[in-house]
Amino acid sequence: MKKYSYIGIAFIILIFGIYAIPKIVAKFKTPQLITIAKVPPFEFTNQEGKLISNSFYKDKVYVVEFFFTTCPTICPKMNENMVKIQNKFYGNNEFGIASFSINPTHDTPKILKEYAKSHGATLKNWNFLTGNQDKIYELANTGFTLFAGENSDAEGGFEHSGMFALVDKQGNIRSRLDKFGNPIAFYDGLDPKGIQMIKEDISILLKE
């Protein structure tokens, strides 16, 4: 009787393994990162008063956000999470961040420098960028397809996406696929899961 019980238990374990192993393997499978688009040429002034273009990020993996320093809603949380990303890859010269202000009239290099300091942005490859508003909006809305615009009814007078874009060393916007095989396109800068995913995918791109 015990013999048959042992056989039954072994059979159950075998069946469980057949169904469980693929799920375990899938869980630890390296995400596939596809190309969404090429980052268009840009040139803006950073918090140090220096002109920064695409060439600054050549051979670097970098994260892009659109924000403004007087934002009373999502920007503080976005940049709190961006600092976490900064700290994860601190000291890696092949990593960078680009934060584009959507209120460049107010956000001068001096103000951006104060903002960077007060928010813990110490990574040398993290640029807070300002310049011509129309060009910044074109970069956001057309280049990255991350919405940004003025809205007098919105808190702070501006609206923008809370998503982060991930760019590879060749200047391509990259994205992992969701469980259905569709690109997520961007990473939620407000969600811990989104931050964890972008950290994982930055690590992948740094090895390419």
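Select S9 and strand S10 (residues 172–176): 2 bridges join them, and the two run antiparallel. This is a predicted model. Look for Val167, which stands opposite Ile173 in S10. Now follow the chain between the two strands. S9 and S10 form a hairpin with 4 residues between them. Stop at Gly171 in the turn, where phi is positive, about 80°.

**Stay on S9**

Strand S9 covers residues 163–167.

Pick Met163, and you will find Asp188 of S11 opposite.

Tyr62 has Val167 of S9 as its bridge partner.

**Into the core**

Select Val64. Which residues does it contact, leaving aside neighbours within four places in sequence? They are Ala98, Phe100, Phe144, Met163, Phe164, Ala165 and Val167.

Val64 belongs to the largest nonpolar core, which has 55 residues. Colour the residues with the most contacts inside it: Val64, Phe66, Ile85, Phe100, Phe144 and Ile202. Several elements each supply at least two residues of this core, namely S4, helix H2 (75–88), S5, H3, S6, H4, S9 and helix H5 (192–206).

**Across to S5 and S6**

Show strand S5 (residues 95–101) with S6. These two run parallel, joined by 4 bridges. Ala98 has Asn127 in S6 as its bridge partner. S5, H3 and S6 make a right-handed β-α-β unit.

Turn to S6 itself. In a regular strand, side chains alternate between the two faces of the sheet. Both faces of S6 are covered. Trp126 and Phe128 are buried on one side, Asn127 and Leu129 on the other.

**One step past S6**

Go to Thr130, in the loop between strand S6 (126–129) and helix H4 (133–144). Is Thr130 buried or exposed? Its relative accessibility is 6%, so Thr130 counts as buried. Beyond four places in sequence, it touches Phe44, Thr45, Pro104, Asp107, Thr108, Pro109, Leu112 and Ile136. Zoom in on Pro104. Its backbone oxygen lies 3.4 Å from a polar atom of the Thr130 side chain.

**Along H4**

Start at Asn132, which caps the N-terminal end of H4. A side-chain oxygen of Asn132 lies 3.0 Å from the backbone nitrogen of Asp134.

Now run down the helix. H4 has 12 residues and reaches 15 Å from first C-alpha to last, close to the 16 Å expected at 1.5 Å a residue. An α-helix has 3.6 residues a turn, so residues three or four places apart point the same way. Select the buried residues of H4: Gln133, Ile136, Tyr137, Leu139, Ala140, Gly143 and Phe144.

Most residues other than glycine have a negative phi. Two stops go the other way. Thr145 sits in the loop between H4 and strand S7 (148–150). With a relative accessible area of 54%, Thr145 is exposed.

Finish at Asp59. Asp59 is not a glycine, yet its phi is positive, about 65°. You will find Asp59 in the loop between strand S3 (51–53) and S4. With a relative accessible area of 43%, Asp59 is partly exposed.

Technical notes:
Residues are numbered from 1 along each chain as its sequence is written. This is a predicted model: local features need pLDDT of at least 70, side-chain atom pairs count only at pLDDT 80 or more; totals for chains, interfaces and linings use all residues. Side-chain values use heavy atoms; hydrogens and water are left out. Buried means under 20% relative accessible area, exposed over 50%, partly exposed in between (1.4 Å probe, protein chains only). A polar contact is a pair of N or O atoms within 3.5 Å; within protein, one must be able to donate a hydrogen and the other to accept it, and residues adjacent in sequence count only if both atoms are side-chain atoms. Contact means heavy atoms within 4.5 Å. The expected span of a helix is 1.5 Å times one less than its number of residues. Two strands pair if DSSP finds at least two bridges between them. A crossover is right-handed if, with the strands pointing away from the viewer, the path from the first strand over the helix to the second runs clockwise. A nonpolar core is a set of buried Ala, Val, Leu, Ile, Met, Phe, Trp, Tyr and Cys residues joined through side-chain atoms within 4.5 Å.
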